[in-house]
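Here is a quick tour for someone meeting this structure for the first time. Take a look at the model, then read on.

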Amino acid sequence: MSPAKSLYILCALNLLLSVGACSPPPETGQPAGTPVLEGPYLGQPLPGDTPVPFAPGIVSTGFSERDIAMTPDGNEIYWGVVGGNYVWNTILMSRRVDGRWTEPEVAPCCEDLQAMDLEPHITPDGQHFLWLSARPGGALAAAGGQDIWVMDRVGEEWGEPYPLPAPVNTPDSEYFPSVTRDGTLYFTRGPAGGGENLIFRSRKVGGVYQEPELLPSQVNAGRARYNAFVDPDERYLILGVVGGPEGMGGTDYYVVYRSTDDRWSDPVNLGGAVNTDGTFEYSPYVSPDGRFFFFMTARPDWGLLAPNGEASARGIRELVDQPNNGGWDTYWMSAGFLERLRPAGF
């Protein structure tokens, strides 16, 4: 389903979602009949402590979506879209211009659907856009290897993409970048041919990334772990863990707290409001203002899948255009619970 089609569907649900009128003026550049989205977070009603799909019909659709990134001012939002079990991937974006959100479009780095462009991250100063790409030109000579790439802010746009140099990118796979306010880079590294994936960090000194440091067992917990989001002030790390303490499914979200003297707490399971018994829970993010927690999850709505307990061919075809159809969606909720989970001493 194209982003434009998604917006047409959203227009029909406009009154329910309270996202605005359905007749934008011609200067918006959107097709007639698409909704005007105004206000923060794509004009969505703000969530509370119960997670809900983020921007149904725009971000959370019938496709599989994962990964969210925002500029510090909240006026640009980026998200990943995956099709056909990673046969194709890209990053979409929307900008708020004169108070109104633009129709979603492909991010400037990601026009090649076969290059595996995912996991966008914008640094806290808004000056750098990092993401995972398997395009040629990185540390791995051939396409298919995963490296961290960057675009620098040039005025209102992003500059030309380039791969991070060694010692961050190597012939192994590096992915899911996340950066602190002082420039420290957190990322996952795994052997290119398969094997254990581990969380590293690299301090930035004089504008140069230093030799990456393997983080301790409190962070590299469980049987597998990956995709760590770091708080800009380095107070905590949220990541996906397989086989962690009090695990609820194949992969669960955990938070590990960091003290001012660089000690790490034991991993804390985020609990049943966030985690399920499913396996697709491995893309965490907290908004730049610290107010909202976003996460990828797969939560099939069986009432949607089989109304009245009976499935139909027509109903199944209609699921292509809806979130909660068994694919991955991006949910969001208040992030206040993260401080309530913090153990004493951290």
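## The cavity and the rings

The lining of the largest cavity is made of 7 nonpolar, 3 polar and 2 charged residues. Here Ala, Val, Leu, Ile, Met, Phe, Trp, Tyr, Cys and Pro count as nonpolar, Asp, Glu, Lys and Arg as charged, and the others, Gly among them, as polar. This is a predicted model, where local features need pLDDT of at least 70 and side-chain atom pairs pLDDT 80 or more, while totals for chains, interfaces and linings use all residues. Residues are numbered from 1 along each chain as its sequence is written, and side-chain values use heavy atoms, leaving out hydrogens and water.

Among the lining residues are Asp-67, Glu-119, His-121 and Phe-229.

Now for the aromatic side: there are 26 aromatic pairs in the structure. Rings of Phe, Tyr and Trp (its six-membered ring) pair if their centres lie within 6.5 Å; planes under 30 degrees apart are stacked, over 60 edge-to-face, and the rest tilted.

| Pair | Centre distance | Plane angle | Type |
|---|---|---|---|
| Phe-280 and Trp-328 | 5.3 Å | 40° | tilted |
| Tyr-282 and Trp-328 | 6.2 Å | 70° | edge-to-face |

Phe-280 and Trp-328 tie together parts 48 residues apart in sequence, and Tyr-282 and Trp-328 are 46 residues apart.

Definitions and conventions
1 Å grid on protein atoms, 1.4 Å probe; cavity = no way out; pocket = protein on both sides within 12 Å on 5 of 7 lines; lining within 4 Å. Helix = DSSP H or I, 4+ residues; strand = E, 2+ residues; numbered from the N terminus.
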